[in-house]
Amino acid sequence: MSRLFSRLLQGLLIGSLWLGAAVAAPPVAAPSVEDFLRRDSFGLLRLSPDGEHIAATVPLEDRTSLVIFRRSDMSRTGHVTLPAKSHVIDFYWVNPERILFTIGQSDGGLEAPRPTGEIYGVNVDGSGQGAPLIGFRSRQRGGVDSGSTAGRVLFASIIDTLPGDENRVLIATAAPGSPYTDVMRMDARTGRTSKVASAPVRRASFDTDTRGQVRFAAGSGSDNRVQTYYRDGDGSPWVLINDEAETQRIITPLGFSADGKTAYLQVEEENGPDAIYAFDTATRGMRKLLADDDVNPYSSFASPTDRSLYAVMFMDGKPRFEYLDPESPFAQAHRAIQAALPEQVVYPTSWTQDGRYGLFVGFSDRVPGDFYLFDREAGKLQYMVSRASWLKPEQLAETRPVRFTARDGLEIHGYLTLPPGTDGRNLPLVINPHGGPFGPFDTWGYEPERQLLASRGYAVFQVNFRGSGNYGRAFLRKGFRQWGGTMQDDLTDATQWAIAQGIADPRRICIYGASYGGYAALMGVVKEPTLYQCAIGNVGVYDMPLMFNAGDVPESRAGENYLREALGTTDLESVSPTRQAARIQVPVYLMAGREDMRAPPKHTELMYEALKALGKPVEMKIYAGEGHGNYLQANRIDFANRVLGFLAEHIGGTVTVGRTEATEAR
């Protein structure tokens with residue numbers, strides 16, 4: 001056992017015993033609806049390069065702020081508060097005294113705020129704020145995008161904070177309406193820029209090496225086929241190393257080795273999950289290095305001192321880690337911390353520049369996020385703060401990874417959350433398909449909605465049906481042109497599996513989802529009129545021909561081509577719940593946001609009218625001023641109460657728990 005591991009276990013011994021006692025405590029009452037939907041105290045937390053300060057995003061009712069604390073006593077030294085519906089979506093320590101941050105505008109709780117393309121700056125004492133350093137409002141407020149961007153309004157994002165340069169960063173910029181991006185070196189205080197590189201492909205993103213040189217660019221045109229380019233360094237020509245149109249796979253850069261001789265790439269395979277390959281920067285040859293049997297790489301971690309990649313996390317049911325460099329001191333530190341906190345999955349959010357202090361976050365299915373400060377020199381781990389300290393693990397439900405075989409032999413993965421205090425048998429069940437459908441997937445960890453439903457007595461089954469991300473290219477593309485087809489069959493097979501396992505009471509099953517999940521809920525009761533006792537669709541799409549004429553997806557040629565490829569263009573009426581309403585035999589609840597541009601409320605209104613005209617039991621609620629999901633807390637609580645009341649009426653479960661009466665809003 002290493003000295004670091006021994007010291008860390010000794011330092012955590014008392015804490016570990018306390019946690020064990022807490023788990024053995026008597027059962028406590030379930031949290032209220034308000035507690036489940038209460039916003040986290042903190043979002044992102046990151047250490048300053050010298051470790052003297054911690055910056056954090058703070059979600060508020062109508063915006064997300066940035067707050068800066070002195071680490072020694074957690075006193076506030078500065079803050080940034082934005083206008084309503086504006087959010088700090090990411091931030092970067094440039095040096096011990098200066099932070100750059102990007103903002104977004106929020107259209108709803110179910111989608112991330114959309115970046116505005118502006119970059120702002122703030123000092124640790126809160127000074128140095130004002131107009132953005134770059135972006136459309138920098139010009140409107142009298143600021144000037146100087147240097148090579150003079151007189152231009154640009155959409156910008158931060159690429160790299162540049163090792164060894166405390167005053168400048170690399171940013172990607174694009175003019176409004178232009179599909180091509182440039183890389184600029186920008187002064188973190190003045191916003192002055194100079195050009196570093198131009199993209200060799202449309203809609204490009206860039207990756208840098210351990211020295212901060214731009215080495216990879218990847219993008220696509222309106223055909224949505226990704227091209228990946230490589231170059232030897234600043235000033236070198238771009239070389240195409242992969243074209244998805246020819247190879248039928250996407251290659252994504254992840255990072256470099258410390259000496260820069262090896263780049264690590266995530267590569268789609270013909271069958272099975274993505275693998276990690278080592279790319280020789282001299283010969284440009286590739287060799288397979290690491291792959292899981294079932295899932296893609298989920299995230300990767302780099303050393304704070306030489307920026308080399310040392311670990312990869314896989315969402316393989318529960319998360320697990322593989323170490324590309326097991327001898328890295330940061331890999332060793334992570335192993336020791338993970339062993340000392342076995343009930344949580346932990347990973348670093350940031351390190352000091354010298355690698356002494358690391359800020360780690362730990363999470364589980366019953367822990368939204370606990371933050372710890374690690375002193376690598378002393379081998380000590382200190383608890384700092386929780387995202388949601390009002391929720392106790394003993395109040396919450398276990399989420400179990402499960403797998404089953406679909407009717408055509410394809411293995412399907414998912415997550416089953418069972419009500420606390422039950423034997424897991426003969427329960428009312430909610431089938432809860434995710435949105436997307438292509439690319440998103442459900443994961444293990446804390447999720448408020450499934451915990452809320454489980455606390456009210458429902459088993460919750462979240463299924464990564466074909467078309468979901470995380471299981472490789474072939475699995476994802478099996479969902480193409482299968483809206484209402486085999487993607488839907490996977491959900492049916494999941495329901496039948498839960499019945500066969502004795503988990504679900506076959507007379508008490510409801511299907512409920514949002515976005516594509518809303519479509520799947522309604523299509524579920526179209527295809528299987530007797531399998532479910534009710535259906536709930538939130539911000540869903542229900543009329544397939546309308547998808548080509550309404551919403552923000554078909555507004556671009558790339559979006560239209562995506563719909564043609566993924567959805568298809570023929571026989572859309574047969575997979576449109578609006579056109580198959582006569583087959584629905586159970587009560588339906590529909591909800592939408594009036595300002596939703598992704599799934600316009602016209603879909604919900606057409607579905608409601610079709611069911612109403614046939615005398616079917618249907619209710620509808622459209623929230624004014626909301627987008628693709630509710631953002632205002634009052635609307636989120638109202639929505640949850642409507643869902644709980646509807647489920648209680650049709651498949652049972654607990655109606656009243658804590659401060660909230662689930663039927664009050666109905």
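**Reading a predicted model, feature by feature**

Student: Let's start with a single residue. Where is the place of Pro326?

Tutor: Pro326 lies in the loop between strand S22 (318–323) and helix H5 (329–340). Keep in mind as we go that this is a predicted model.

Student: Is Pro326 buried, exposed or partly exposed?

Tutor: Look at the relative accessible area: buried is under 20%, exposed is over 50%, and partly exposed is in between. Pro326 comes out at 38%, so Pro326 is partly exposed.

Student: Which residues does Pro326 touch?

Tutor: Leaving out residues up to four places away in sequence, Pro326 touches Ala331, Gln332 and Arg335.

Student: How many residues of H8 are buried?

Tutor: H8 is mostly covered, with 11 of its 15 residues buried. Among them are Met487, Leu491, Ala494, Trp497 and Ala498, and the list also includes Asp489, Asp490 and Asp493.

Student: What covers the buried residues of H8?

Tutor: The cover includes strands S27 (399–405), S28 (411–417), S29 (427–431), S30 (459–464) and S31 (504–514), along with helix H9 (516–527). While you're there, look just after H8, where Gly502 takes a positive phi of about 80°.

Student: How many salt bridges does the structure hold?

Tutor: It holds 35 of them. To call one, you want a side-chain nitrogen of Lys or Arg within 4 Å of a carboxyl oxygen of Asp or Glu. Take Arg307 and Asp160, whose side chains meet at 2.7 Å, N to O. That pair links distant parts of the chain, 147 residues apart: Arg307 is in the loop between strand S20 (297–302) and strand S21 (309–316), and Asp160 is in strand S8 (residues 155–160).

Student: What about the salt bridge of Arg366 and Asp365?

Tutor: Their side chains meet at 3.7 Å, N to O. Arg366 is partly exposed at 29%, while Asp365 is buried at 5%.

Student: Which residue does Arg579 form a salt bridge with?

Tutor: Glu573, with the closest N and O atoms 3.9 Å apart. Arg579 is partly exposed at 41%, and Glu573 is partly exposed at 39%. Salt bridges can share partners too: Asp292, Asp316, Arg320 and Glu322 are joined that way into one network.

Student: Last one: what is a disulfide, and how many does the count come to?

Tutor: A disulfide is a covalent bond between the sulfur atoms of two cysteines. The count here comes to one. Cys510 is joined to Cys534, S to S 2.4 Å. This pair links distant parts of the chain, 24 residues apart, with Cys510 in strand S31 and Cys534 in strand S32 (residues 534–538).

Student: What is the handedness of the link, and are Cys510 and Cys534 buried or exposed?

Tutor: The link is left-handed, with -135° about the S-S bond. Cys510 and Cys534 are both buried.

Terms used
Residues are numbered from 1 along each chain as its sequence is written. This is a predicted model: local features need pLDDT of at least 70, side-chain atom pairs count only at pLDDT 80 or more; totals for chains, interfaces and linings use all residues. Side-chain values use heavy atoms; hydrogens and water are left out. Buried means under 20% relative accessible area, exposed over 50%, partly exposed in between (1.4 Å probe, protein chains only). Helices (H or I, at least four residues) and strands (E, at least two) are DSSP runs, numbered from the N terminus. Contact means heavy atoms within 4.5 Å. A disulfide is a pair of cysteine sulfur atoms within 2.5 Å.
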